[in-house]
Amino acid sequence: MLKATGISKSHHTPQGPLTLFTELNFTLNPAESVALMGESGSGKSTLLHILAGLEPADAGNILLHEHNLTSLNDRQRAHIRRDYFGVIFQQLNLIPSLSVYDNLVFQARLAQRLEHHWLDHLIAELGLQQLLSRYPSQLSGGQQQRVAIGRALAAKTPYILADEPTGSLDEINAEQVMSLLLALVKETGTSLFMVTHSQALAQRLDRSLTLRQGQLV
Amino acid sequence: MLFQRSSVWVLHALLSHWWKHPVQLSTLMVGLVAATALWSGVQALNQQARMSYDQAAQRFNSLNQAQLTGINQQPIAQQDYVQLRRLGWPVTPLVEGQLTTDLSPQYSFTLVGIEPMTLLNTESAQAPATGLPTNLSLNQFLTPPWEVWLSARTKEAVLQAFEGVDTGFPLNPLGERPNLRVSNALADYEMMTDIYLAQYWLEMDQQHSRLLLLQDTFAQPLPNELSSRLRVIIPQSDHDISRLTESFHLNLTALSLLAYLVGLLMVYSAMHLAMNQRRSLYRVITACGIDQRHLMACVLTELLLLSALIALPGLLLGYWIASWLLPDLSTSLAGLYGAQVDANLSLTSRWWFQGLMMAWAGTLLASLLPLLRLLNNKPNNRPDANIIHFSGSVGSRLMTLALISATAALAVAYTGQSLLSGFLLLGLIFTTAALLLPLLVDKVLALGQALFSSALGQWLWADARLQISHLAIALIALLLALSTSIGVGGMVEGFRHTFVGWLDQRLAAEVYVRADSQQQADELYAWLDQHEQVKAILPSARADRVLHQTPIELRGIQVHATYVDHWPLLSRMDDAWSQIEDQGAVMINEQLARQLALNLGDSIPLSTDTSFSVVAIYSDYGNPKGQVMMSIETLYQHWPHAEQGSFALRVDPDQLDSLKDQLNEHFSLGDNQVLDQLAVKDFSIRLFERTFAATRALNLLVLGVASIALLSSLLTLSSLRLTQMAPVWASGVSRQQLMFFELMRLLFIALITAMLAIPLGLLISYCLVTVINVRAFGWALPWQIFPQQWFNLTLSALISALLAAIIPLLKLRFSSPGKLLKGFRDDQ
Ligand SMILES: Nc1ncnc2c1ncn2[C@@H]1O[C@H](COP(=O)(O)OP(=O)(O)O)[C@@H](O)[C@H]1O
Ligand SMILES: [Mg+2]
């Protein structure tokens, strides 16, 4: 269970401090999928980064199983991330200089948790068999996002944090990629926390939240 | 703890970047190879030269050693030596000769016998470098079976020549074999032993080859009965142009440092770009569970690994450059020192280590800024297009830095006295220029933009300004290379002009003849006086003095048109020559004038009872010593024991050879007793040329590296340029036209850079001539300018820009419309 309590965050901008949220509470249960919606600039990405330990919060606690993420240092948080979280951004998810295969197994290798059976299955499910030796620049946007999903799932992390993973794709591609992601998440019992703009998409998940004026509703 | 299994995969991801960006990798490689090669190559040369200097100085026949020899190369008798010691002369005997094997191949060793008690027991600071090992035990050296010291290489040769020490090596008077000991202080094929053993082997019982005078300044006349057999030789400062080699090394080191910097600029440009392009890579790696510090450690490991790999070929290239330049160097040395430099470079492990360290230090220095920026990397940061507008805040920051640097330069120029501060001044000038360059180029382009109002014109100039941020580093490299070429080229050319003119003035007489003794001098004078081809015989004399603890030389000459018309005077009173002739006035060389802060009209305290008024100052390049010139009468009047110098003879050049033949017929004169003006000049000029050959070669290499820097920047830029030009192409400008604009723009930017390099180069040559040279050698050169050089260098800048543009232009020419259109399709 990933449990965030009393999270506050503000950014320093040239125009003064910009408060994104105060005293925010949120829980992500095992095998649960949650959609996060909200206006552009409301702080969705920032919240996701905080949950992933990529950015520190100003106040509050994030509890992950027996760990309190907020009391850990950068190195310890990185280790937690490696073992527990698969992060998918809107774009530029891949290491441009590594082949598709090396990208796929990257996090699994870091976490020393590469299972070849599972990887083969994943590659087949995502339809990446023909693309393994290519480089990211030789892939279409949809293909790139499929590789990003593959990378997150290959490491068999219990949580996937996705920031508008289909935001840069056209409708048909987006639908394809999303279906794959949801199917694989169901199959593996992974928890999914996904930032999205699409109402329709949000409805396909277990739960849907909206970030509005610093509060989750 | 820092090295974890995961590091391997992070390194894999980091390194993979370079294989996908070969242009960046080659920029990095060329930069680092150039930096390492030029730096370490020059270090190798300097190291080799210094080793030779040491060996030369350690040999007893160093030219700078005061000594006594027998007249006409006769050995010196033991009782003469004993008499001198009794009179308090600080002398020590030497026995020298060739020890030749009668085996074939025939080896010949130079055997030197020394008397360590007198050689070592001297409190004089000017004790000669003896080549004596520090671990020498006097007891074993002086007693049977005695010791023979030699270099490791000579020992091998000895073992080979004598088929082992036990069989063939010469025996001592007691029929035993002496012990062989190895000393690195000895030159190859040189053996050193106790004087007694050397006398025995060379069959010079009770005889010495020469006596070393341990105190340079010990200037007493020889007792009468000895002066007919012995001669005191004080080193001739006239011919001591050893200081030139210092200038040589200084030049090389400064140039290699510059090459190193130009190389580092390329490394910086590659690193900057790589770090920027890898921002998304860093984000992914962080998201996958690597913390900032771990990532940083991996990037550092990557850099050290990469630079060590690249430094290796760099060092090999440096070795090659050094061996390529070594013949010139050894010719210079042979000319200046008579020292043979081994044609094979022998490099120490320290050299390799230092080269690697320099490569690492350089890489880290060049990556410092990009690395710091990496530390600041936030997950939200997107890789930016990295376009800097120099008119904005970046511009004013650069301006501030340039002002600070310029102020520091001014402060150093006014307060600094040392050579080091001279180099600091040069460094600050370079820094100021490098900071200002992008601003100035931007200003010029902005001016162009204001002048051309058509749509295409606007785009042309604005686009050129946009490119400056990408080209700035390469342009700075070009600026540095060009201005150094102008600076160093100007100095060398100026030096050549001055030096040749000076030689003409100094060597106005056709022949110089030196006598061995007073008797020979009288005979020579009488003989020459009878010969009609000899139009003038100008005697000279010399004496050594110590003034304010530094040795100076006094020279007496006969005032004659030969000197009056030619002597290279820097400043003089109107009646200088007549004052010298009639009133006992003197002239001094520039070094002495600077050292003692003497001006015309001042008097110089050469003796307590008389004051000598300075009426002229002359230039005396390459002479480390102060010198005072006066009429020969004045000299003998105050220093009656002054030594007879050479005769300068004015001869009809046609009759020169016949005179020399006749001289040789009548007198058995040694090689160095008759000096022919043309031969000396020819020798000096050739020496000069070779001394600066390496400087010129290095200069060219730096320019080459700068051109490559420009090429690699343009190549890196070319793919970016495609997307920048696509809209213009889409709006109806043909690709041919675009190519033409592209080329013109680049040539124009190169031209501006060259134009800025000229005043900078002049400033640098001014600094070299009036600051660095004065602080290093005590004399200034007249500052001269050579517009022909500027023209050539501007041309070479344009040509290198043209060459650098060819590949990117061809890329544009043959790029498919699809490639140009790609810019419209995806926004990555
Ligand atoms: N590092 C930062 N410094 C200052 N402001 C930031 C930083 N990161 C994000 N912001 C600002 O915080 C707000 C929220 O950003 P973000 O979390 O990306 O919003 P969303 O993902 O909901 O569109 C935005 O206004 C953005 O400009
Ligand atoms: Mg966002």
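This is a predicted model: local features need pLDDT of at least 70, side-chain atom pairs count only at pLDDT 80 or more; totals for chains, interfaces and linings use all residues.
View 1. Residues up to four places away in sequence being left aside, L482(B) touches L703(B), A754(B), A757(B), L793(B), S796(B) and A797(B); contact means heavy atoms within 4.5 Å. Local features need pLDDT of at least 70 and side-chain atom pairs pLDDT 80 or more, while totals for chains, interfaces and linings use all residues. Residues are numbered from 1 along each chain as its sequence is written, chains are lettered from A in the order in which they are written, and side-chain values use heavy atoms, without hydrogens and water.

**View 2. The largest nonpolar core.** Among its 126 residues, L482(B), W577(B) and M587(B) touch the most other members. Such a core is a set of buried (under 20% relative accessible area, 1.4 Å probe, protein chains only) Ala, Val, Leu, Ile, Met, Phe, Trp, Tyr and Cys residues joined through side-chain atoms within 4.5 Å. The most is given to this core by α16(B), with 24 residues. Another core, of 38 residues, lies apart from it and includes A13(B), Y268(B), Y282(B) and L374(B).

**View 3. Packing of helices α16 and α25 of chain B.** Helices are DSSP runs of H or I, at least four residues, numbered from the N terminus. Helix α16 (residues 455-506) of chain B and helix α25 (residues 787-814) of chain B have axes 10 Å apart and pack at an angle of about 155 degrees, which makes α16(B) roughly antiparallel (over 145 degrees) to α25(B). Axes are lines fitted to C-alpha atoms over the stretch in contact, and angles run from 0 to 180 degrees between N-to-C directions. Among the contact residues are L478(B) and L482(B) of α16(B) and W790(B) and L793(B) of α25(B).

Conventions:
Helices (H or I, at least four residues) and strands (E, at least two) are DSSP runs, numbered from the N terminus. Angles under 35 degrees count as roughly parallel, over 145 as roughly antiparallel, 65 to 115 as roughly perpendicular and the rest as oblique. Buried means under 20% relative accessible area, exposed over 50%, partly exposed in between (1.4 Å probe, protein chains only).
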